[in-house]
Each structure stands twice: as structure tokens, then as C-alpha cells.
Amino acid sequence: MQHLEYMTAAYILIWVAILLYFLSLSKREKAIWKELRELRAALTKDNTP
Amino acid sequence: MPLFFIQSLAILQKDLKIEWRTRERLGAMAFFAFLVVLIFNFAFEPASPIVKTAAPGIFWIATVFAGLLGLSRSFAIEKQNDCLMGLRLTPADPGAIFLGKMLGNAIAMLILAALILPVLVVFLNVEIAPALPRLILPILFGTLGFAAVGTLFSAMSLNTRLREALLPMLTLPMLVPALLAAIESFRAVLAGHPLSKIADWLVLGGAFVALFVAACLLLFECVLED
Amino acid sequence: MHRRPYILPFVFGMLALIGLAIAPYLVFVYAGIEKEMGLAQKIFYYHVSSAFAMYIGFSLCFVFSIRYLWKRDKRCDLWAACSAEVGLLFCSLVLLTGPIWAKPVWGAWWVWDAQLTLTLVLWLIFVAYFMLRTHIEDPVQNARFRAVLGIVGFLNVPFIHYATKLWRTHHPEVVRGEEIGLPPDMKTAFFFCVLTFFMLFFALLFKRVSVEKARDELESLKAEMRA
Amino acid sequence: MDGLGLNTLHSPLMITSAIVIRNLTHRFGHFAALQDIDLVVPKGQTFALFGPNGAGKTTLLRLIAALTRPSSGEIWVCGDNARRDPKMIRKNIGFISHHTMLYDDLTARENLAFYGCMYGLQNLDARVEEVLGAVGLTDRQRDRVRDFSRGMKQRLAIARSILHQPSILLLDEPFTGLDTAAQSMLSNLLIALKAEERTVFLVTHDFAKGLALADRFGILLRGQLIREASTKEVDESELRTQINSRL
């Protein structure tokens, strides 16, 4: 099994990088949606009374 | 002559006139280039053969970095008193403005190159005289390519924060093909090869100039508008 | 609310997940081990697939940039920036896996072969693209300048490619020609990986776009509240 | 839209109007600098636009000069659409702002000759001579602009703006920073332009000057045109109270 360490390193690197990117996107999206919901709620509260 | 060229020539003439009267840009550029060559000398052992093989690289590094210094000044003239707005208020084609500015920068670079060559001869002990006629084309393509890319990006970085830092960051990666062509053909010519030997590089350099001038003529409108 | 953007990322995401689940089997088990390079050769499947994804990203950026300058539609700019970002991710992966492949095969971490040099220059150009994004305040000017950079940068690709190739001919070229004559088992694995990365690219792109759209909506809502 | 006949170049509105603005909105990102502006300035009239700082006056002026593309809505200047024929509009427009737009290291004459060339003027020398005479700089024409006083620079800037005989003159706060000689010169110029049936669009916060010179006026507040009327209908103090009450 020649060069096993190089192969493992490369594959782990790729998977981790893509996973991290995806997770950071999800995190950002969640934060934005949360803020959007709060803002909308605040807006409707202002308008109703 | 079509109005387009009359207008670019008017801009070129104006830039040269201002440069001649103030002499601030070219002076700073030449001094900076001289310093670069000097510092490179200290980086190598005195009289080592490495210096000779590195000469083309040193020449272009000095030209390009001094050129970047001059480029940021090129549109600074237009920024004073908001002259750029005055230019944009005229019906002149943005491409004509680009061409005039680019030619002005190219001429400044050519003068700079002409000043660096003797410095190279004296400090690096490189024999340039016999290769001089064959050097014209590589230097011309290199400076024109640089001027085209540099003029585009110096107009862009005009309104940005970090102006001085952004200009090289935008320009240098874009310049890679032109610089490779310029350095490699310079090296081959110094080594005594005829122009036919470096035809590939010359074609590349020429095509690069053609592409960027054409692209900038079309795109400069988007850079100027606000 | 648009429905489509929420279905597309899901579909592509699922396809990418399925692909990513099957690909390791094809790469590690099904495809044989190359005699000279050993297991290091297996890096090639994902390395080259990443390169393909990178090119898709940068060409999409090119197309959307042209369309933006043509139509001045803010959405085109959004798509251009997002494709550039995902393209840059895959570009970084190519640059990271390149040395890991080069070290065991050629004995040096970095080889100045044409393809890798081109990728490095492209990486620099698109990093500058994002520098520009953060350093111009006027959003319309920002979009215009980035579009110009996206177009010019992409047009430059053939020149960089040709230049780096010419430059390398001075030295014995490190050919990757072996890739062309792949045995059938490796070919199957390779094409499957390319397809998977294609799906992965679009899944990430759609996700990225939906984030950006939500952010845009948030900004306009905030601006509305301020007014 | 069709009812107004805006789609045909030869409609009466287009022929008699210097500037037509319809449903104009301009945004910077998410911030609306101008909102739903509708405005018609007839040919030969002087129009004064008042408003506090940051109301969008300069933005409107830049949009009329086709320097900026509107986010939505349309602008026609002398029948040319700002989106489609910005070049045609630029030929018809002179612009004076508080920046002189002059090159300090060129002489007065060189500055004008350069701009004349950019406008593609015929008989350039004669025209430059004429304009220099009009602003009283003939004997200083070979001196560099750098050595000029502020007032002389402004006079040269005025010369630059009327060099190509524009049918519309746009002025952005023209009276600020002018010495009295240049101020009266500018006022005389505006009156002379009116006699020549040229249109003047004036942005200023100087109510007295604006009302004295203009036929009609508008008030721009937070990107909206809140009033547009003839100058005969108002006096200065009324305008002042109206703006202050809305702020």
C-alpha cells in the first residue's frame, strides 16, 4: 500500500473543506432567516395597533 | 482622422504636457526603478553568473513596479478638480479616453525602460548593445500589455479604499502571460538568439496586447460610469 | 417567495450525496491501483474533478458578468459572485490536492507544471475579485467593477494556459498524458467522480445563492425600516 | 404613457420640453436617493431646484447629465433618452459644479482647447477666443490655471461649460465660493442665456438668487419632489417655513 498517507490526506482535506463550506452556508442562512423572521414580526406588531 | 483618434490624441497630448511641466511622475518612477535594480544587486553575490541570468527578470521587475507607481498617478490627475467628471460630460467615447490614457502610460513606461537599460549595463555588467535592435519588440509588447491592463485597473482602483494595495493585486496576476512573454523573450535575445527563435513569445505578447486593448475599449465605459 | 430555488438545491444536493456515497467505492475498491504511482494516483479522481468544477464556476461567473453589464440586472451580479465563490472553493481544493499528489509522484511539493500554474494564477485573480468586493462601498460600482474583472480574468485563461505551457517547454515536461489512456475501470470511476462534482458544484451554488438572496431581502427590509 | 405621447419623438411635449422626467427612482443599494420624480422643464425656461443637503439634488443633476444610469424610470433631454443616447445628451448639456473640472497645469487656453476637442468642435480657435472674451480672461489666457484666483478659475469653468453652446445648462450650487465679480458675471450669463432661449436647471440652497433668476422652482426633500410651481406664486420666507416644517 504505497502512499496511503498522501491519499488519505487528500481525500480528508476535500471532504472536510466541502463539509465546512456547506456548514458555514447553512449557519449563515439560519442566522439570516432568524433575523428576517424577527424583523417581520416587529414590523407587523408596529402596524397592527 | 476620425474623431475617436483625435480625442485620444488630445488626451495623450494633454497628459504628456502636464507630465512635462510637473515632471513629478517620471522622476519618481525612474528613481524607484533605479533603487530596485540596486537592491537586487545586493541580493546576489557580486559578479556572480546568477546576476546575468537574472538580468531580464530584474529589468522587468524594476519596470513593472515603477510602472505601478506611475499608474496610480495617471488617474490622480483626473481626480483633481474632478476633471474626470468633466471628461465624462463630453460626448467623447470612453474607449477614446482609455486609449489616450493608455498611450500616455505606455510612453512613460518606454522612457522608463530606456532609462533602466543603461543602469542594467553598468551595475549588472550585461552586454545589451548588440541585442538592442532585437529588444525593441519584446519591450514594446511588454509595456503595451502592462499599460493596457494597468490603465484599466488604475481607473477601477481610483474610488476604492486601499487604492495603492489593490492596484498591484489586480494587475499582477492578470499580467502573468505578458510578463512571462516579456521576460522569456528578453532572456532569449540577450543570449543571442534571433527573433525567429522567440516567435511564439512575440505572438503571445502581441495577442495579449490586442485582446486587452480590445476588451478595455469595450469595457471602459462600465468602469467610468457611476 | 420563489419556489424553484428551494427545490433545485435539494435535488442537486441529493444527487451529490448519492454520488459522494458511491464514488469512494468506485475509487477505492472498483478501480485498480496504478503500478507506478500507487495509491497517490487515486488523488487524481477528485483533483481533476475539482478542476472541472472550478472551470464551471469561473465560466458561469464570466457569462453572468457579461449578462450583468448587458442587462444591469442585480440578480445576474448575485449569480456571478456566487459562482465565482464556489469556483474559488474548488480552485483552492485543486491547489491543495495538487502538492499532495506531486510530492509522492514527482518528489516535490510544488511543480511548476502548466496546469497547476494556471490554477494558481486563476486563484490569485479570483481572490482579487473578492478583494474588490470588500473594498468598494458603492454597491452598483462594486458590481460593475467585479463584472469587468470576471470577464477580463476569464478571457485571460487561454493566454495564461498558453504562456505557462510555453514556459514549461524549456524543461522536460511533466506530462499528465497518462490520464488520457486510462484503463476502463479507472475511466468509469473518473467519469463518475466528475459527474458527482458537477452535482456538488450546483448544489453548493444553489445553496450559496439562496443565502445571498435571503441576505439581500434582509438588507432591503432593514433599509425599509430605516426610511 | 402613450397618452402623453412620450413614445414618439415628435410629440408636442417632447418638442417643447428641454427635460422630461417620468417615474424616476434611483437607488444606491437599498437606499432610495430619489423616488418617483415626475418633472417637465419647458425649453427656454430657468428652473430652480431647492432642498436641504442630502435631498438628492446632485444625484438628480447627474442623472439628467446622463452621468448615472437611473435605477428605474426614464429621462429625456431635448428628446434624447438618457438610457439610450447618453452621448447625444452630453452634446446638449453644459455643467457647472463647485469643482472647476480644469487641469491646473494647463493654461486657460489649453484647457478650453482640450475640452473643445473632446466636444469635437469646428473652428476651435475662434470659439475659444470668443468664450475667453466673454468671461474676461483674454489677457490671462496663456497663464497656468494653477496661478489663477478662485474667482478666475470659476470664470474659466463657466467658459468651459458654455464652450460647445449647450442648449441646456445644469448648475450645481454655482454661487457658493464665488467672489462678487464672478457671482454677478454668472447672474448676467444666466440672464443672457435666457435671452437666447436656452434652458437653465439650477440647483441651489440660495432662495433669493434662485427665485430671482428662475421661472419655476421645485423643492426636493428626502428624494421626493414635494412641490413644483411658478416662482411668481411664492416668496422666500414662505419657502423657508415650508421646508423647515417638513424637516
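The legends below describe several close-up views of a predicted model of a complex.

**View 1. Confidence in the complex and in chain D.** For the complex as a whole, the predictor reports an ipTM of 0.88 together with a pTM of 0.90. In chain D the average pLDDT is 86, and 96% of the residues reach a score of at least 70. Within that chain, the element with the lowest mean pLDDT, 75, is helix H1 (residues 12–16) of chain D, whereas helix H4 (residues 108–118) of chain D has the highest, 94.

**View 2. The interface of chain A and chain C.** Here 27 residues of chain A meet 42 residues of chain C in contact, and the two chains bury about 3,300 Å² between them, with 79% of that area on carbon and sulfur atoms. On the side of chain A, the residues that lose the most area to chain C are A:Tyr6, A:Tyr11 and A:Tyr21, which together account for 20% of what that side buries. Four salt bridges are found across this interface, and six residue pairs are in polar contact, counting pairs in which both residues have a pLDDT of 80 or more. The side of chain A that touches chain C is made up of 20 nonpolar, three polar and four charged residues.

**View 3. Charged side chains where chain A meets chain C.** A:Glu35 and C:Lys222 form a salt bridge, in which the closest N and O atoms are 3.0 Å apart. Over all chains of the model, the count of salt bridges comes to 37.

**View 4. The interface of chain C and chain D.** In this view seven residues of chain C are in contact with four residues of chain D, and about 500 Å² is buried between the two chains, 60% of it on carbon and sulfur atoms. Of the area that chain C buries against chain D, 48% is supplied by C:Arg72, C:Pro139 and C:Ala223, more than by any other three residues. Helix H7 (residues 184–226) of chain C gives the most to this side of chain C, with four residues. The residues of the side of chain C that touches chain D divide into four charged, two nonpolar and one polar, yet the count of salt bridges between chain C and chain D is zero.

**View 5. A salt bridge that joins chain B and chain C.** The side chains of C:Arg144 and B:Glu225 come together in a salt bridge, with 3.8 Å from N to O. The pair joins two chains because C:Arg144 belongs to helix H5 (residues 139–155) of chain C, while B:Glu225 lies in the segment after helix H9 (199–224) of chain B. C:Arg144 is buried, with a relative accessible area of 1%, and B:Glu225 also counts as buried, at 12% relative accessibility.

**View 6. A salt bridge within one helix of chain B.** B:Glu184 and B:Arg187 form a salt bridge whose closest N and O atoms are 3.9 Å apart. Because these residues are three residues apart in helix H8 (residues 163–190) of chain B, about one helical turn separates them. B:Glu184 is buried, at 8% relative accessible area, whereas B:Arg187 counts as partly exposed, at 36%.

**View 7. A salt bridge between two helices of chain D.** D:Arg109 forms a salt bridge with D:Asp125, and the closest N and O atoms of this pair are 3.6 Å apart. The pair links distant parts of the chain, since D:Arg109 lies in helix H4 of chain D and D:Asp125, 16 residues apart from it, lies in helix H5 (residues 124–134) of chain D. D:Arg109 is buried, with a relative accessible area of 15%, while D:Asp125 is exposed, with 53%.

**View 8. The surroundings of C:Ser49.** C:Ser49 is a residue of helix H2 (residues 43–71) of chain C, and this serine counts as buried, at 1% relative accessibility. The side chain of C:Ser49 reaches the backbone nitrogen of C:Val194 at 3.4 Å. When neighbours within four places in sequence are left aside, C:Ser49 is in contact with C:Phe44, C:Cys193, C:Val194 and C:Phe197.

Terms used:
Residues are numbered from 1 along each chain as its sequence is written. Chains are lettered from A and ligands numbered from 1 in the order in which they are written. Side-chain values use heavy atoms; hydrogens and water are left out. Contact means heavy atoms within 4.5 Å. Buried area is the accessible area (1.4 Å probe) that two parts lose on being put together, summed over both. Ala, Val, Leu, Ile, Met, Phe, Trp, Tyr, Cys and Pro count as nonpolar, Asp, Glu, Lys and Arg as charged, and the others, Gly among them, as polar. A polar contact is a pair of N or O atoms within 3.5 Å; within protein, one must be able to donate a hydrogen and the other to accept it, and residues adjacent in sequence count only if both atoms are side-chain atoms. pLDDT is the predictor's confidence in each residue, from 0 to 100. Buried means under 20% relative accessible area, exposed over 50%, partly exposed in between (1.4 Å probe, protein chains only).
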